[in-house]
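Hi,

Here is the structure I promised to pass on.

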Amino acid sequence: MMGSEAGQSENVQSSRLIATWLIGGFVVGISALGFYFAFPLGSWTSRKKKKKKKPIRVYMDGCFDMMHYGHCNALRQARALGDQLVVGVVSDAEITANKGPPVTPLKERMIMVSAVKWVDEVIPDAPYAITEEFMKKLFDEYNIDYIIHGDDPCILPDGTDAYALAKKAGRYKQIKRTEGVSSTDIVGRMLLCVRERSSSDSHNHSSLQRQFSHGHSQKSEDGGSGTGTRISHFLPTSRRIVQFSNGKGPGPDARIVYIDGAFDLFHAGHVEILRLARGLGDFLLVGIHTDQTVSAKRGAHRPIMNLHERSLSVLACRYVDEVIIGAPWEVSKDTITTFNISFVVHGTVAEDSDFEKKQSNPYAVPISMGIFKLLESPLDITTTTIIRRIVSNHEAYQKRNEKKAESERRYYDDKTYVSDD
């Protein structure tokens with residue numbers, strides 16, 4: 001009897017132990033199941049992946065004075081080296097101290113840079129040279145991974161490299177400079193125009209515009225200028241146009257807005273009217289007039305930039321979906337039908353703002369169709385405004401160009417192949 005009682009006691013203890021294990025296992029199982037549903041394995045994996053996929057942020061700075069397609073191409077290349085592009089725009093004071101007076105003030109340069117479709121963020125009043133303090137700020141506050149600059153050297157007045165610290169830190173990457181244009185080059189073109197107009201010699205006046213359109217200056221190539229102004233050779237390629245294009249057409253029910261013009265010396269006034277025009281529809285189509293048309297309407301010394309140069313500047317703008325390279329002066333019924341245009345617009349501030357008073361109104365057809373809109377221009381700036389700034393401060397810009405001419409020459413003499421893909 002004692003033995004049976006002992007056996008029963010052992011059985012009870014074993015049963016209790018098994019029950020405890022079963023209940024404990026059940027609780028652990030339920031907890032694990034709850035944890036799995038609350039935090040599935042996939043979410044941990046994806047979180048891990050997301051952590052690994054931290055966006056690479058790259059920084060590029062510049063004066064971006066007289067902003068042109070060369071600047072835009074540099075920003076395109078910089079953006080391709082990362083996921084997000086942060087751009088520093090140098091202050092007016094820093095430009096004046098290091099290069100001479102800027103043609104366009106900071107406010108206008110900020111508008112231009114912010115409108116480039118490859119730019120994600122803009123920092124105003126950036127220093128001309130990257131100091132240790134500013135570089136730390138870029139890395140710590142802006143989470144910058146790499147600092148980008150072109151393959152042309154950027155030398156400070158004291159002879160040192162503006163990007164020496166970034167190179168030393170191992171956080172520097174280089175892109176190819178876009179040949180055929182620079183702000184110095186564009187100012188030089190305008191200065192040549194001024195000299196040509198005032199010249200009383202027997203030099204061939206027939207076509208500075210034609211010289212610019214072929215990418216050179218007769219004077220500088222003949223060696224008769226003596227100013228150090230170098231009008232560079234611009235070689236347009238189909239690949240460059242593809243790189244700048246969106247590659248997408250309008251949707252089937254898209255409201256297509258059309259605006260046309262010369263868009264010479266692409267400036268903040270152009271950007272702001274394009275922004276307003278894009279807001280009226282779903283797709284902005286921009287017609288760019290030929291060099292011959294612009295020359296006939298504005299004078300023999302215009303345009304300053306040729307058709308391909310002007311087309312690239314407009315294509316780089318984030319508000320533009322497509323361009324017509326060499327658009328007709330008059331907006332015809334055929335053009336409206338071919339491109340399925342919903343609205344034709346024009347700004348109140350323009351070189352040809354009195355078009356309605358002229359006998360041959362280029363917008364007569366869209367006006368008669370009731371699809372023409374006149375937009376209030378946000379800025380009172382035209383291409384003539386930019387040219388007048390140069391002319392009014394002629395001597396300062398002449399000195400600035402002469403100072404820059406030597407480094408321009410060195411770049412072209414010493415350049416080596418660098419891919420820009």
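This is a predicted model: local features need pLDDT of at least 70, side-chain atom pairs count only at pLDDT 80 or more; totals for chains, interfaces and linings use all residues.

Is Cys317 buried or exposed? Cys317 is buried, with a relative accessible area of 3% (buried means under 20%, exposed over 50% and partly exposed in between, using a 1.4 Å probe and protein chains only).

Residues are numbered from 1 along each chain as its sequence is written, and side-chain values use heavy atoms, with hydrogens and water left out.

Back to the cysteines. A search of the whole structure turns up 0 disulfides (a disulfide being a pair of cysteine sulfur atoms within 2.5 Å). Cys317 is in none, and the nearest cysteine sulfur, that of Cys72, is 8.8 Å away. Cys63 is buried too, at a relative accessible area of 11%.

Next, an open sheet of 5 strands. Its order is S3-S2-S1-S4-S5, with parallel pairing. Strands here are DSSP runs of E, at least two residues long, and helices are runs of H or I, at least four, numbered from the N terminus; two strands pair if DSSP finds at least two bridges between them. S3 (121-126) and S5 (172-175) stand at the edges with a single partner strand each, so one side of each has no neighbour in the sheet. On average, neighbouring strands are turned by 30 degrees against each other, direction ignored (axes are lines fitted to C-alpha atoms, for helices over the stretch in contact, and angles run from 0 to 180 degrees between N-to-C directions). S1 (residues 57-62) and S2 (residues 84-90) are joined by 6 bridges in the parallel sense, and Asp61 stands opposite Gly88 in S2.

Then there is S7 (residues 283-289), where 7 of 7 residues are buried. In a regular strand the side chains alternate between the two faces of the sheet. Both faces of S7 are covered: Phe283, Leu285, Gly287 and His289 on one side, Leu284, Val286 and Ile288 on the other. S7 runs parallel to S6 (residues 256-261), with 6 bridges between them, and Asp260 sits opposite Gly287. The chain gets from S6 to S7 through helix H12 (residues 268-278) in a right-handed β-α-β crossover (with the strands pointing away from the viewer, the path from the first strand over the helix to the second runs clockwise). S7 also pairs in the parallel sense with S8 (residues 322-327) over 5 bridges, where Gly287 stands opposite Ile324.

Cheers
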